[in-house]
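Me: I've got a chain on my screen and want to talk it through. Can you take my questions one at a time?

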Amino acid sequence: MGLGGCYTCIRYLMFAFNFLFWLLGCAILGVGIWVRVDPQFSQYIQHVNLKELYTAAYILIAVGVIIMVLGFLGCCGAIRESQCMLVTFFIFLFVIFVVLLAAGIWAVVNKNSFRDKVNEFISDDVRKTKAGDALAEQRMDNLQESLKCCGAGSVLDYGLSPPKSCFEDNSKIPYTEGCTDKLFKFVSDNLLVVAGVAIGIGLVMLFGMIFSMMLCCSIRDTKG
């Protein structure tokens with residue numbers, strides 16, 4: 001049965017979308033791997049024991065793989081003109097879209113609690129350092145030297161005797177900014193990259209759902 005011009009156009013759009021969708025899956029996979037293996041992320045996570053970021057990295061990796069597979073299945077559905085595959089593709093795409101939307105809302109709502117958790121971990125290490133805990137002191141020294149900060153909230157956390165790691169080389173003036181603000185800024189700056197990728201993925205998903213339903217309806221009308 002010959003395909004009309006509109007049907008052919010939809011098929012090409014479906015192919016183009018799924019190729020873009022596959023590329024975005026690669027991007028998510030890449031971001032997940034980057035968060036997991038980047039030395040800076042690893043260093044900061046170890047300092048404050050935020051192992052949840054590793055969990056988020058594994059989730060990104062899994063989502064990236066799933067999206068890549070879905071892109072491949074969408075192409076197969078278009079090639080085989082299978083309504084069943086296209087509907088399945090639409091359902092899975094919709095589920096992923098809802099999950100990502102919910103995760104984004106959760107991240108925005110819990111932004112302040114995340115900051116409080118970071119501050120709690122760092123403040124605890126400051127207290128342990130003042131009490132003579134060698135491991136806590138090493139973590140704080142590494143964190144303060146890396147971020148050029150001092151204490152959790154400010155240098156005042158150490159009273160009148162801030163450690164050497166709170167000073168720039170050959171300087172007698174300690175860093176005044178607390179490590180909580182510095183670390184949170186570092187994480188927030190990198191989250192902007194993740195948020196940008198997520199917004200792009202959401203838009204592509206919407207187009208994918210539209211194209212899959214349009215193609216499914218066109219197949220039904222053509223075969224009917």
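This is a predicted model: local features need pLDDT of at least 70, side-chain atom pairs count only at pLDDT 80 or more; totals for chains, interfaces and linings use all residues.

Me: How much of the protein chain is buried?
Reply: The cut-off for buried is under 20% relative accessible area. The protein chain has 224 residues, and the buried share of them is 37%.

Me: Is Ser212 buried or exposed?
Reply: Ser212 sits in helix H7, which covers residues 179-223. Setting aside neighbours within four places in sequence, Ser212 is in contact with Met14, Leu86, Phe89 and Phe90. Its relative accessible area is 0%, and buried means under 20%, so Ser212 is buried.

Me: Which residue's backbone oxygen lies 2.9 Å from a polar atom of the Ser212 side chain?
Reply: Ser212 is in helix H7. The backbone oxygen lying 2.9 Å from that side-chain polar atom is the one from Met209.

Me: What is the relative accessible area of Phe94?
Reply: Phe94 is in helix H4, residues 83-109. Together with Val87, Ile91, Val95, Val98 and Val99, Phe94 makes a nonpolar surface patch of about 480 Å². Phe94 counts as partly exposed because its relative accessible area is 44%.

Me: Which backbone oxygen does the side chain of Thr129 reach?
Reply: Thr129 lies in helix H5, residues 111-130, and is buried at 13% relative accessible area. Leaving out neighbours within four places in sequence, its contacts are Ala136, Glu137, Met140 and Tyr158. The side chain of Thr129 reaches, at 3.4 Å, the backbone oxygen of Ala136.

Me: How far does helix H6 reach from its first C-alpha to its last?
Reply: Helix H6 runs over residues 134-147, so 14 residues, and the expected span is 20 Å at 1.5 Å a residue. The span in the model is close to that, at 20 Å.

Me: What sits at the start of H6, and which residue follows the helix?
Reply: At the start of H6, a side-chain oxygen of Asp133 comes within 3.0 Å of the backbone nitrogen of Leu135. Within H6, the buried residues include Ala136, Met140 and Leu143. After H6 comes a residue with a positive phi, near 60 degrees, and that residue is Lys148.

Me: Which residues do salt bridges that share partners join into one network?
Reply: Asp124 and Arg127 meet in a salt bridge at 3.5 Å, N to O, and Lys128 forms one with Asp124 at 3.3 Å. Lys128 and Asp124 are 4 residues apart in helix H5, so about one helical turn separates them. The network formed through shared partners is Asp124, Arg127 and Lys128.

Me: How many residues apart in sequence are the parts tied together by Glu168 and Lys148?
Reply: Glu168 forms a salt bridge with Lys148, with the closest N and O atoms 3.6 Å apart. Both residues lie in the loop between H6 and H7, so the pair ties together parts whose separation in sequence is 20 residues.

Technical notes: Residues are numbered from 1 along each chain as its sequence is written. Side-chain values use heavy atoms; hydrogens and water are left out. Helices (H or I, at least four residues) and strands (E, at least two) are DSSP runs, numbered from the N terminus. Buried means under 20% relative accessible area, exposed over 50%, partly exposed in between (1.4 Å probe, protein chains only). A polar contact is a pair of N or O atoms within 3.5 Å; within protein, one must be able to donate a hydrogen and the other to accept it, and residues adjacent in sequence count only if both atoms are side-chain atoms. Contact means heavy atoms within 4.5 Å. Patches are made of residues with over 30% relative accessible area and no salt bridge: like charges are joined within 9 Å, nonpolar side chains (Val, Leu, Ile, Met, Phe, Trp, Tyr) within 5 Å. Accessible areas come from the Shrake-Rupley method with a 1.4 Å probe; for residues, only the protein chains shown count as cover. A salt bridge is a side-chain nitrogen of Lys or Arg within 4 Å of a carboxyl oxygen of Asp or Glu.
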